[in-house]
Amino acid sequence: MELSMGNNGGASGDEHEAASNSRNQGKKAYHRHSNQQIHQLEKFFKECPHPDENQRRQLSRELGLEAKQIKFWFQNKRTQKKAQSERADNSVLRLENERIQCENLAIIEALKNVICPACGGPPFGEEERQRSLQKLKQENARLKEEHEKVSTLLTKYIGKSISQIDSLTPGAGSSHGVLTTNPGIDLERNPGLDNSQLVYKRRGILDMEKALMAETAASAADELVRLLRVNEPLWIKSPSDGRYILDRVGYEKLYPRDSHFKSSNARVESSKDSAMVIMPGMDLVDMFLDPNKWMDLFPTIVTKARTILLLEAGTVGNRNGSLQMMYEQMHILSPLVPPREFYFLRLCQQLEPGEWVVADISYDFMRDGSPSRAWRLPSGCMIQDKSNGCSKVTWVEHVEVDDRTQTHRLYRDLICGRSAYGAERWIASLRRICERLAFYKEETAAAREFGGVITSPEGRKSIVNLAHRMVKIFFASLGMSGKLDFPQLSEVHNSGVRVAIRKNTEQGQPIGMVVSAATSLWLPLSPQNVFNFFKDEKSRIQWDILSNSNPVHVISHISNGTNPGNCISITHPFIPTENNMLILQESCTDSSGSMVVYAPLDIPAMNMVIGGADSSIIPILPSGFVISGDGRPDTGGDSSTSTSSTGADSGGSLLTVAFQILVAGPNVTSSTELNMESVATVNTLISTTVLKIKAALNCSNLG
């Protein structure tokens with residue numbers, strides 16, 4: 001049997017070899033196309049993806065390929081392009097589906113909490129509200145009682161009271177620290193508004209806590225660098241507007257994490273953008289790490305910023321390794337848009353000479369005590385130093401948002417469309433401010449002023465600083481902390497009037513009782529057309545109450561950038577009864593929106609500023625307008641959407657009108673009668689202005 005098997009094996013060797021040769025002869029040889037052939041085919045495909053038989057024969061002769069090879073290559077290429085397009089479309093549709101789901105959930109939540117359309121009152125009566133308030137007071141009393149018990153125990157067993165422990169600072173090399181709480185601070189009413197009122201006061205932190213912070217920040221920086229440097233497959237370019245969209249499926253495979261919010265209203269916003277800015281990289285890094293300079297760089301986005309804890313100062317000269325805990329409040333466009341608050345870690349790393357990454361990530365510093373509705377996932381920017389004092393900045397913004405209250409319908413498309421707080425807005429604002437700073441270098445600033453009124457570099461600097469402070473005060477006022485809503489006061493628009501009354505004691509603003517009021521409305525015009533209307537001094541008599549329907553004369557004009565819309569101006573209204581008043585105005589525009597901010601100043605104060613005096617002591621109370629797109633898809637310039645002869649090249653514009661008025665001096669005491677009279681006055685002012693604007697723009701038929 002074994003011999004028989006051996007003979008069969010020897011005989012079958014030739015048969016196997018013959019069968020193998022037969023198979024090799026029947027198998028088609030695989031020919032890989034050369035780079036030149038592929039290049040020619042790709043070039044022809046761009047012009048004609050469906051060649052006919054004659055064209056295929058011509059290509060086969062030119063490239064030395066068979067006609068069938070040409071045919072199969074084009075078939076495969078068309079299939080590949082179709083698959084790529086479908087993949088991009090699927091990502092866009094998935095994001096749109098998420099947005100619609102968020103809207104549906106928000107509508108469902110809103111229906112559960114229906115409010116009175118007449119007065120905007122709460123969904124429950126006063127009796128139920130008082131009952132809830134009583135429960136909160138009882139809970140507060142219980143917590144205070146527990147705090148006192150713990151204090152007593154510490155005093156008994158440690159021999160020191162809470163106040164004594166709090167006053168101790170750990171010595172060098174000590175691994176102990178204390179994070180103390182102040183029971184006298186109301187977390188819900190004063191979230192992170194002042195370093196002196198922070199719930200946590202630094203008396204040293206535990207080494208374990210510091211190590212956790214450092215590890216969290218370093219991990220965020222590593223993730224951010226990858227998001228910044230890689231496009232596909234993490235980012236997909238939208239075929240509709242060219243913006244990069246984060247592929248959620250691919251991202252979550254690389255960085256799986258649980259959602260910070262458990263609410264059904266939670267959603268994730270992600271965006272990416274880049275641009276060249278006129279500022280050296282090291283200067284940008286220094287400004288990003290200084291909270292005051294950070295607010296100066298982004299006055300239309302960041303309303304408050306503070307360093308809470310400085311964990312690492314970083315290497316001298318390049319700031320590598322700088323790590324700090326920060327608090328930030330962001331607010332844009334309108335009182336109808338709620339502000340966003342963050343407690344976050346900011347880490348700066350130098351990746352190589354001339355290249356830095358500044359990474360931000362939210363940190364649970366308040367131990368679930370923060371009322372913020374936003375949580376920052378690894379976000380930030382990469383700064384690359386270029387020649388001629390310029391830098392390339394690439395920005396990624398990645399945030400999880402929990403909208404507990406429904407976003408107002410006017411701003412729903414803009415906020416849910418991920419562009420309101422997206423990377424595009426940060427980059428556009430940074431470019432504009434850097435250009436503004438570059439325009440005020442001493443050697444070039446003189447050529448930017450027209451009118452000959454401001455003759456000295458000190459005067460130009462003082463005017464520019466005053467205008468910048470005016471813009472910061474204006475945008476800070478839009479937050480309207482403790483605002484009152486008066487929807488029943490609005491007869492010309494249906495978003496209502498937001499009013500805030502405060503007793504101002506800050507230097508640089510008039511001392512006394514100040515009323516801030518604002519309203520927002522939709523206009524069927526492009527944002528550029530609306531901005532041009534407010535910027536044109538000839539149209540000012542159509543809306544400005546200060547000019548009393550009299551023409552104004554521009555006596556000085558200072559350019560802020562290459563765009564003619566970015567400028568500072570000083571105007572003199574021809575008012576027979578008031579010849580002592582001038583108007584300081586700054587207007588600016590970029591891809592994210594536009595603004596026109598102005599404030600009255602008397603001539604003696606303006607002369608002081610022009611003379612180069614310190615403008616920080618000049619009291620100023622600005623009013624103005626904020627203009628943005630409505631976030632709706634581009635309609636392709638359909639003139640039927642506009643009632644103006646200028647037409648509209650987008651869905652429309654969102655306009656915020658805001659005024660601030662000093663209604664009483666520093667010695668006044670607040671009274672209900674004074675407050676209601678002030679509210680009525682400012683409502684008349686806003687309503688009259690809105691009516692004038694609509695009439696001038698041929699939009700009077702809007703409700």
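I take a nonpolar core to be a set of buried Ala, Val, Leu, Ile, Met, Phe, Trp, Tyr and Cys residues joined through side-chain atoms within 4.5 Å. Buried means under 20% relative accessible area, exposed over 50%, and partly exposed in between (1.4 Å probe, protein chains only).

The model is predicted: local features need pLDDT of at least 70, side-chain atom pairs count only at pLDDT 80 or more, and totals for chains, interfaces and linings use all residues. Residues are numbered from 1 along each chain as its sequence is written, and side-chain values use heavy atoms, with hydrogens and water left out.

**Core**

I looked up the largest nonpolar core and found 80 residues. Phe288, Phe298, Trp395 and Leu430 have the most contacts inside it. Helix α14 (residues 457-477) gives the largest share of this core, nine residues. Helices (H or I, at least four residues) and strands (E, at least two) are DSSP runs, numbered from the N terminus.

Next I checked helix α9 (residues 281-288). Six of its eight residues are buried, so the rest of the structure largely encloses α9. Phe288 is one of the buried residues.

**Rings**

I took rings of Phe, Tyr and Trp (its six-membered ring) as paired if their centres lie within 6.5 Å; planes under 30 degrees apart are stacked, over 60 edge-to-face, the rest tilted. The structure has 22 aromatic pairs. Phe288, Trp294, Phe298, Trp395 and Trp426 form a cluster through ring pairs.

**Arg376**

A charge sits over a ring if NZ of Lys or CZ of Arg is within 6 Å of the ring centre and within 35 degrees of the ring normal. Arg376 lies over the face of Phe342, 4.2 Å from the ring centre. Arg376 also lies over the face of Phe344, at 5.0 Å.

For salt bridges I needed a side-chain nitrogen of Lys or Arg within 4 Å of a carboxyl oxygen of Asp or Glu. Arg376 makes one with Glu397, with the closest N and O atoms 3.6 Å apart. This pair links strand β10 (residues 374-376) to strand β12 (residues 391-402), 21 residues apart. Both Arg376 and Glu397 are buried.

**Strand β19**

I found nine of the 10 residues of β19 (residues 581-590) buried. Strands pair if DSSP finds at least two bridges between them. Five bridges join β19 to β18 (residues 567-573), antiparallel. On the β20 side (residues 593-602) there are 10 bridges, also antiparallel. A hairpin through two residues joins β19 to β20.
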